[in-house]
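Here are my notes on the model, written for someone who will want the cut-offs next to the values. Have it open while you read.

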Amino acid sequence: SGIINIIMKKNQNHGLSGVVNTNIGLNKKYGGDFLFQYKTESFTAFFGADYNKRNFPGTSNSENRFIGINTSYLNSNGSSQSQRNGSGVRGSIEFNLTQSAFLNLGGRFGQRNGLQNSLLNYFEWSTDNPSQQLYSSNGSFNRKGDFAEANLVYTQRFKKDGHEIKAEFNFGYDKDNESSITKKTVAGQIIDGERIDNSGPSREFEGKVDYTLPFSADSKFETGYEGQAEVSEENNNLFQFNDATKSFDPQSQYDYSVKYRNSDHALYSIYSDKVYGIGIQGGLRTEYTFRSIILDKQNQRFAIDRWDFFPTLHTSYKIGEVTQTMASYTRRIQRPHGWELEPCIIWTDANNVRKGNPDLKPQYIDSYEAGVQTLIGELSISADVYYRTVHNKIERIRSVYLPNDTSIQNVTLTSMDNIGHDYSLGSEYMFIFDPIKFWNVNLMANLYSYKVVGTLPDGPFTRTSFNWNTRFNNVFKINSSAQLQLNLNYNSPTVSSQGRTEDFFTVDVSAKHDFLERLLTATLQVRDLFGTARMENRSQGSDFYSYSYMKRESPVVVLSLRLNFNNFKNDRDKRDQNDNQNDSNGDITD
């Protein structure tokens, strides 16, 4: 986000143009943004700003058992209120240096603020003390910070169509401050509590150079470099409520300061061609990773210094005029990040702590796919079969927290580990057709057998499930200016290394109408129309059982207005706005 890279089309839409968006929804949701463009023969300038506020109420309940000589029970129910605010300004200017050379300079600055308040009622008892202890937990979380980005993009095109070199350089800066307070109360009086303060800046540098050389209409060579370097610091302080002084006292044994140094560098080459009617694309990407995590107070250092290789191969073959077959192999990487790497105990509330793992290895994903696409009349069909395996599978592991302080009991520890491998064997289908003239249908279904295998502290395990999900999108074109969209989504239950995530089903509806020859567009969105979305999980080990259920606000109703003048067009900006809108809506299924 924040990069505006528009390649000019000569003598098109010169002058001032722009777009203005506003939105308002139930439960204090509102916002807006604008982006103005001024275009001449030699340059194009952009300036924009945005502000959004999103508020999401929700409810939750949980059941926990701590199994030992005396089994303890800890159940809760209550409500929460989450809020996300964000604002920013951005601008860029792109120069047409020549007919084939373009330079773009841009930047973005903004602020963000996240708030969450919760009120949970707890019920605690044990086998040797069956009388229930009742108390409430009032929690508040606040995260706010500034961010800034600057970028430069240079594109040089050569005489041959498609022959070009493109270079991008980006710099980003973030500074966040977090504070959370949990107060344990009985009859309105505070009997215990924690306050956690967390802060630290982050700086990131990115560079990318891509070169494309076409040989013919069917063959071309691509190569490039991509690298990034990140430097960040994080300071964490814990304060415990003192009943005598009614204040929060520092707990230095839980304080920590972490310094991150991370850099990734990649080189890649891709060659594509067509041989005897078979389209072939082969590539190789090699990546170097350096990561250093330093704990100042503990005088500890954890480092990774390694090379990885990622081959890819894609083939395709056209049968007749409307049918095409495809097969491919790809290897990808997914690295751990954030708190997953912090080897320190962090209290998230009175009953939960977390601890990262600096020795986490990245996940490697090997994917084999084959498929066919065809047309039967007006019906478009695609079918694929695939086999994917994940090595060094990363999962969150729950266990009972056992500190040296024996007065601390009934606390759950969430940690990270490479638990083993998972395997997915399945097929995916997509159908696109118009049952009648004004009705377009997009139906997708994914069915696969899933297995996760590995080792936990309790010993080796194997868990399997048959999973499936479907998406049923419908667009009804009422007339040239209005349309109605109805989307249905379902995800089946699935297993994890320690438990199971239950299924969920959602229905989303939206209506769009253009006015004044598309100068003004109004869109009404209703997400999770019937209130069926939820997050429901179970996990267990030899000494614990945990169940959690969370439900956010439903339905989520938002009305948006879009004003477009002088035929403003910016495909990149549209994608960014859609991504931001999806994120801000807080979909429970994300």
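1. Pocket terms. On a 1 Å grid over the protein atoms alone, a pocket is an open set of points with protein on both sides within 12 Å along at least five of seven lines, while a cavity is a set of points where a 1.4 Å probe fits but cannot get out. Lining residues have an atom within 4 Å of a point. Grid points are joined across faces, edges and corners, and a volume is the space filled by probe spheres set on the points.

2. Ground rules. This is a predicted model, with local features needing pLDDT of at least 70 and side-chain atom pairs counting only at pLDDT 80 or more, though totals for chains, interfaces and linings use all residues. Residues are numbered from 1 along each chain as its sequence is written, and side-chain values use heavy atoms, with hydrogens and water left out.

3. The second largest pocket. Its space comes to about 860 Å³. There are 39 lining residues, and Ser 407, Ile 408, Gln 409, Asn 410 and Val 411 are the closest to the centre. Strands E4 (72-96), E5 (101-126), E6 (129-157), E8 and E9 (220-242) each give two or more residues to this lining; strands here are DSSP runs (E, at least two residues) and helices are H or I runs of at least four, numbered from the N terminus. E6 gives the most, with four residues. By class, the lining divides into 18 nonpolar, 14 polar and seven charged. For the classes, Ala, Val, Leu, Ile, Met, Phe, Trp, Tyr, Cys and Pro count as nonpolar, Asp, Glu, Lys and Arg as charged, and the others, Gly among them, as polar.

4. The cavity. How many cavities of 30 Å³ or more are there? The count is one, and the largest cavity holds about 40 Å³. Its lining is Asn 64, Arg 65, Phe 66, Ser 399, Val 400, Thr 412, Phe 544, Tyr 545 and Ser 546. E3, E18 (379-400) and E28 each supply two or more of the lining residues.

5. Arg 65. This cavity-lining residue sits in strand E3 (residues 43-66). Arg 65 counts as partly exposed because its relative accessibility is 33%; the cut-offs are under 20% for buried, over 50% for exposed, and partly exposed in between (1.4 Å probe, protein chains only). Beyond four places in sequence, Arg 65 touches Ser 72, Tyr 73, Asp 543, Phe 544 and Tyr 545, where contact means heavy atoms within 4.5 Å. Asp 543 is 478 residues away from Arg 65 in sequence, yet their C-alpha atoms are 8.1 Å apart.

6. Asn 469, in strand E21 (residues 459-479), is buried, with a relative accessible area of 17%. Leaving aside neighbours within four places, Asn 469 is in contact with Met 444, Ala 445, Asn 446, Tyr 448, Tyr 490 and Asn 491. Glu 164 belongs to strand E7 and is partly exposed at 24% relative accessibility. Under the same exclusion, contacts of Glu 164 include Arg 157, Phe 158 and Asp 210.

7. Backbone items to look at. Ala 187, in the loop between E7 (164-186) and E8 (189-214), has phi near 55°, a positive value in a residue other than glycine. Glu 517 has phi near 55° too, and lies in the loop between E25 (504-515) and E26 (520-527). Are these two buried or exposed? Ala 187 is exposed at 79% relative accessibility, and Glu 517 is exposed at 82%. Separately, the peptide bond from Ser 554 to Pro 555 is cis, with omega near -10°; Pro 555 is in the loop between E28 (544-552) and E29 (556-565).

8. The whole protein. Secondary structure comes to one helix and 29 strands. The C-alpha trace spans about 80 × 55 × 50 Å along its principal axes. Buried residues make up 41% of the 590. Of the contacts between residues at least 6 apart in sequence, 62% join residues at least 24 apart.
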